[in-house]
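Visitor: I would like a close look at a single part of this model. Please take me through it step by step.

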Amino acid sequence: MRSHDWFIEHRTDYAAGVLERDDSATFDAHLRNCDECRAEIRRIEAELGWLPMALAPVAPQPGFRRRIIQQVLERPDSRARRWRLPAGLAASLLLAGGAWWAGSQGTRELQTQLVQQETRLAALQDTLAIMHRASRVMQASLETAGRRGGLVIFADEVTHRWNVVVHGLPPAPPGRRYQFWFIRADGMVRGAEIRLGQPGPVMFTTGMPKTGGTVIGAALTIEPLAATDGPPQGPELAHLML
Amino acid sequence: MAKLESPDADPRRASEGAAHRAGLVGLARETSLRNRLIARDEQALVELVDLATPWLLGVAQAMLHDHDESEDVVMEAFRAVWENITPVAADHAGLMPYLLRVTRHRSIDRLRRRQHRERKHSAAVLEWNRQAVPPAELNEAGHPGWQVHAQVHAALEQLPAEQQMVVQLAYFEGLTRSEIAGRLGIPLGTVKTRLRIAFTRLRTTLAGLKEWVL
């Protein structure tokens, strides 16, 4: 049986992962019953959390970011396969042209640009795919600050993802922001924040909330900036039921 | 590390303005990003992947020296944050420290699974990248997080060489204290002392970064 002083003394070693396995297991067991040590370990981990940033960054290979997003979202990769050959061919041509024209420095810049363009292209393909597959389109008109706009939802009921378009809205009043909501039988669930920084429509893609019941509708409200949790507090601009 | 001639190495100089120049974001955006991830906003995931991937790859590749394994680890880190994202109040760490921690832990898991094979000596690469040049160089001045990188690097550089070595073996190679003693041929007590002093100093220095997120 270890004294609490032993755990206090070894908190940093535990958080850094340098304890022997037996000691680490003893610490694990202690943490289950010690709020103080748990809180302190979280604090130490937060302080040391930046330490890996000492290592230099590595530029990802072209297409890696897109693969991350696809795999995290656990989507089939059929479109990626279809595009891999032309994208790879385009990449080769661009890289070869870049090397001929501007040497190695230019090639690196082209690689970076290519990665960015490929990511944008993948996002655009994804957006279009949802619109193409959408089995339901919902629309609501809305008016605020003397301007008329709309909320349009393209719902893909196979992948349970939506493309949401908001248009015609002015920037949110100072101290407030637009908030998208999912409506479920048991209440409203916070969805994406909508940032209107530039003129023109805003579009985003969203999955359904992780937990809870079936989504039966959607709404748009204006919320205080400080309201990041809980039910809507501001006026409702649009309300759509499936 | 040749590329860090004039970083804002002193955390006290790390003003909010410097953070913005470096592409870092403030707590408000971190909260927004976190809430959008909870809300399953895929654009938020795209933003996070864009910002964090080079740093996570840097950690994984420096530890694993294997391109494919490094990509796997980074994938796992993003999957972990997507699956386990919680409201701010439930988690003391920012998104970036969380991603870095997952990446490091998963890399250590893989290193430990390699025990039947000879571990590649990584000291040269892990010497805080003094000579290392990333395989594909990034635009340092404009790359998000470069200021934090410079400060953490400076914090490590301020440690005596023998402390840097034990931190390196412990933190980035996943060795226990007795394994470090065996590797370096020094008494266990010496390892414990060096680690304790080094981590205490690092905690003090890095605590100044807690307001910086992502």
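Visitor: In which handedness of crossing does H3(B) pass H5(B)?

Guide: H3(B) passes H5(B) in a right-handed crossing. A crossing is right-handed if the near helix is turned clockwise from the far one by less than a right angle, and left-handed if anticlockwise.

First, some ground rules. This is a predicted model, where local features need pLDDT of at least 70, side-chain atom pairs count only at pLDDT 80 or more, and totals for chains, interfaces and linings use all residues. Residues are numbered from 1 along each chain as its sequence is written, while chains are lettered from A and ligands numbered from 1 in the order in which they are written. Helices (H or I, at least four residues) are DSSP runs, numbered from the N terminus.

Back to the pair. The axes of H3(B) and H5(B) lie 10 Å apart, at an angle of about 30 degrees. That makes H3(B) roughly parallel to H5(B); angles under 35 degrees count as such. Axes are lines fitted to C-alpha atoms over the stretch in contact, and angles run from 0 to 180 degrees between N-to-C directions.

Who touches whom? Two residues are in contact if their C-beta atoms, placed from the backbone, lie within 7 Å. From H3(B), the residues include B:Leu48, B:Ala52 and B:Leu56. From H5(B), they include B:Leu95, B:Met96 and B:Arg104. By class, this contact has 12 nonpolar, 2 polar and 2 charged residues. Ala, Val, Leu, Ile, Met, Phe, Trp, Tyr, Cys and Pro count as nonpolar, Asp, Glu, Lys and Arg as charged, and the others, Gly among them, as polar.

B:Arg40 lies in the loop between H2 and H3 of chain B. B:His65 is found in the loop between H3 and H4 of chain B. Most residues other than glycine have a negative phi. Phi of B:Arg40 is positive, about 65 degrees. B:His65 also has a positive phi, near 55 degrees. B:Arg40 counts as buried because it has 24 C-beta neighbours inside 10 Å. B:His65 has 15, so it is partly exposed. The cut-offs are 20 or more other C-beta atoms within 10 Å for buried, 12 or fewer for exposed, and in between for partly exposed.

H3(B) also faces the other chain. The contact between the chains takes 66 residues from chain B and 49 residues from chain A. H3(B) gives the most to the side of chain B that touches chain A, with 14 residues. That side has 35 nonpolar, 17 polar and 14 charged residues.

Definitions and conventions: Helices (H or I, at least four residues) and strands (E, at least two) are DSSP runs, numbered from the N terminus. Angles under 35 degrees count as roughly parallel, over 145 as roughly antiparallel, 65 to 115 as roughly perpendicular and the rest as oblique.
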